[in-house]
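Colleague: Hi! Could you walk me through this one while I have it open on my screen?
Modeller: Happy to, let's start with the pockets.

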Amino acid sequence: MHLEIVKDYETLSKRAAYILASQIILKPASVLGLATGSTPVGTYRELVKIYNEGLISFSRVITINLDEYYGLDKDDEQSYHYFMREHLFNHVDIKDENINIPDGKAVDVEAECRRYENIIEAVGGIDLQLLGIGQNGHIGFNEPGEHFEALTHLVDLTENTIKANARFFSSPEEVPTQAISMGIKSIMGAKKILLLASGEKKAGAVYKMLKGKITPQVPASVLQMHPDVVVLVDEGAASLL
Ligand code: GLP
């Protein structure tokens, strides 16, 4: 894994946006695996700036998002569909048909998970996967204990994750308790991975991911096995290294 430590969140966001932009320049029809959460918000903002400067186009880009809360409609303001439109898709020239996010309202969840995996396969796999990391080391919504072999599936969120994500909802009771998430195996299938972490709250997870034992108890630790990972962190998230 290649570790890059930058000063602060602003620098991290710019650097991450440059890496995504260079992927698009090198391969205009790139398949980007995208993430949500507060960490990539700055990255998307910087990417939109680069787009507005006319340096990149999303007209041939295909996106595959990591996850979606189960039970939330696409138009729900807390859904990851909404988040992605708000922070990226509404501001660039991406084609609607090239956007992929699990359907949180799917009635047949297993069929939805199969459909999602088929898309990843049909587009030839993910070229560059953007990831955040949960305080408990989760990636996507793969919580501690998840099998490394898992593909897209329905997950039960842990108390820790529900609490951490409650800040986006009016109360913890409103946070969905399940999500449809790409599995560890789907994530590991990406050709390149860029993981972002910012702030001291993530320092423990970052330390375990990079220096700890590879174990399903710290899902991000599996990334030690991947051939091409950039871990981009700010000084806060690097404070235990
Ligand atoms: C959620 C998302 C993850 C994200 C994590 C951390 O659980 N499913 O993809 O990495 O939150 O979020 P934040 O960046 O807000 O700390």
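Predicted model: local features only at pLDDT ≥ 70, side-chain atom pairs only at ≥ 80, totals over all residues.

Colleague: Which residues are closest to the centre of the largest pocket?
Modeller: Gly37, Ser38, Asn165, Arg167 and Phe168, out of the 36 residues that line the largest pocket.

Colleague: And which elements give two or more residues to that lining?
Modeller: Those are strand 4 (67-69), helix 3 (80-87) and helix 5 (159-165). The largest share comes from helix 3, with 5 residues.

Colleague: How does the lining of the largest pocket split by class?
Modeller: There are 17 polar, 13 nonpolar and 6 charged residues.

Colleague: OK, what about the second largest pocket, how much space lies there?
Modeller: About 200 Å³. Its lining consists of Lys74, His81, Arg85, Phe89, Asp96, Ile99, Asn100, Ile101, Asp103 and Arg115. By class, 5 of these are charged, 3 nonpolar and 2 polar.

Colleague: Which elements supply at least two residues there?
Modeller: Helix 3 and strand 5 each do. Helix 3 also contributes to the lining of the largest pocket.

Colleague: Switching topic: which residues of helix 4 are buried?
Modeller: Val109, Glu112, Cys113, Tyr116, Glu117, Ile119 and Ile120 are buried in helix 4. Looking down the helix axis, the buried residues of helix 4 fall within an arc of 150 degrees, so they line one face.

Colleague: And what sits on the face turned away from the buried side?
Modeller: That face of helix 4 carries Glu110, Arg114, Glu121 and Ala122, which are exposed.

Colleague: How far apart are the end C-alpha atoms of helix 4?
Modeller: They are 20 Å apart. At 1.5 Å a residue, the 14 residues of helix 4 (109-122) should span 20 Å, so the two agree. After helix 4 comes Gly124, with a positive phi near 85 degrees.

Colleague: Now helix 2, which of its residues are buried?
Modeller: Gly42, Thr43, Tyr44, Glu46, Leu47, Val48 and Ile50. In helix 2, these buried residues pack against helix 1 (9-26), strand 2 (31-34), helix 3, strand 6 (128-131) and strand 9 (192-197).

Colleague: What follows helix 2?
Modeller: Gly54 does, and its phi is positive, near 80 degrees.

Note on methods. Residues numbered from 1 in each chain as written. Heavy atoms only, no water. Helix = DSSP H or I, 4+ residues; strand = E, 2+ residues; numbered from the N terminus. Expected span 1.5 Å × (residues − 1). Buried < 20%, exposed > 50% of the residue type's maximum accessible area, 1.4 Å probe, protein only. Arc of directions from axis to C-beta. 1 Å grid on protein atoms, 1.4 Å probe; cavity = no way out; pocket = protein on both sides within 12 Å on 5 of 7 lines; lining within 4 Å. Nonpolar A, V, L, I, M, F, W, Y, C, P; charged D, E, K, R; others polar. Points joined across faces, edges and corners; volume = space filled by probe spheres on them. Contact = heavy atoms within 4.5 Å.
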